[in-house]
Amino acid sequence: MIRLLDATEPITPEQLKGFFVGWPAPPTPETHLRLLQQSDAVVLAVDDATQQVVGFITAISDGVLSAYIPLLEVLPAWQGQGIGRQLVERMLARLASLYMVDLLCDAELQPFYATLGMRPAAGMMVRNYAKQRGE
Ligand SMILES: CC(C)(COP(=O)(O)OP(=O)(O)OC[C@H]1O[C@@H](n2cnc3c(N)ncnc32)[C@H](O)[C@@H]1OP(=O)(O)O)[C@@H](O)C(=O)NCCC(=O)NCCS
């Protein structure tokens with residue numbers, strides 16, 4: 001059974017293994033926990049059997065008009081079971097009082113977000129790869 005959590009309080013770094021798949025310089029579980037704690041909103045998917053976090057989504061917000069969703073990931077072994085959809089749905093519900101909610105994604109994922117009520121837009125970004133580990 002997967003349960004969704006809206007807070008990081010009971011979570012330890014040991015429960016945050018295996019994320020940032022494909023990142024050349026991934027954050028450590030300790031850094032992952034720190035970024036979760038410092039986000040304005042977070043939803044975690046936790047496996048009841050092992051207490052491992054198997055998916056997460058974060059948002060940062062001004063609390064007035066806007067929010068940005070920087071990170072969404074489901075562990076590979078748990079993908080394709082609706083967990084990503086539940087995480088996005090729950091986060092969008094939590095941000096529903098705001099005017100604008102933005103995220104950047106690859107074009108191949110636009111249909112996924114479209115089924116969740118989002119629409120395509122153009123975007124721009126900066127990536128400072130020397131800082132990818134978040135230390
Ligand atoms: C994107 C992601 C969070 C989806 O999580 P998930 O739990 O597998 O999602 P769900 O089971 O709710 O929905 C699966 C749907 O996601 C979409 N999807 C996932 N990855 C996709 C990809 N690479 N290309 C196209 N569609 C994709 C499909 O529409 C899929 O539908 P299907 O199961 O009918 O094929 C997950 O694939 C992931 O963690 N990917 C790596 C990190 C990432 O890309 N994060 C998004 C950053 S914007």
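**Charged pairs and a nonpolar patch**

A: Let us begin with E89, which is partly exposed, with a relative accessible area of 41%. Please keep in mind that this is a predicted model.

Q: Which residue forms a salt bridge with E89?

A: The partner is R85, and the closest N and O atoms of the two residues are 3.7 Å apart.

Q: Where do R85 and E89 lie?

A: Both residues belong to helix α2. They are four residues apart, which is about one turn of the helix.

Q: Is R85 buried, partly exposed or exposed?

A: R85 is partly exposed, and its relative accessible area is 31%.

Q: How many salt bridges are found in the whole structure?

A: The search finds four salt bridges. One of them joins the side chains of D6 and R90, with an N to O distance of 3.1 Å.

Q: Why does the pair of D6 and R90 tie together parts that are apart in sequence?

A: D6 lies in the loop between β1 (2–5) and α1 (29–37), whereas R90 lies in helix α2 (residues 83–94), so the pair ties together parts that are 84 residues apart in sequence.

Q: And how exposed are those two? What is the relative accessible area of D6, and what is that of R90?

A: D6 has a relative accessible area of 35% and is partly exposed. R90 is also partly exposed, at 30%.

Q: Which residue forms a salt bridge with D6 at 3.2 Å?

A: That residue is R94, where 3.2 Å is the distance between the closest N and O atoms. R94 lies in helix α2 and D6 in the loop between β1 and α1, so this pair ties together parts that are 88 residues apart in sequence.

Q: What about the exposure of R94?

A: R94 has 35% relative accessibility and counts as partly exposed.

Q: Which residues are linked in a network of salt bridges, then?

A: The network links D6, R90 and R94.

Q: Changing topic: which residues make the nonpolar surface patch?

A: The patch is made by V64, L65, Y99 and M100, and its area is about 450 Å².

Q: Where is Y99 found?

A: Y99 is in the loop between α2 and β6 (100–102).

Q: Is Y99 buried or exposed?

A: Y99 counts as exposed because its relative accessibility is 66%, and exposed means over 50%.

Methods:
Residues numbered from 1 in each chain as written. Predicted model: local features only at pLDDT ≥ 70, side-chain atom pairs only at ≥ 80, totals over all residues. Heavy atoms only, no water. Helix = DSSP H or I, 4+ residues; strand = E, 2+ residues; numbered from the N terminus. Buried < 20%, exposed > 50% of the residue type's maximum accessible area, 1.4 Å probe, protein only. Patch = residues over 30% accessible without salt bridge, like charges linked within 9 Å, V, L, I, M, F, W, Y side chains within 5 Å. Areas by Shrake-Rupley, 256 points an atom, 1.4 Å probe, with all protein chains shown as cover.
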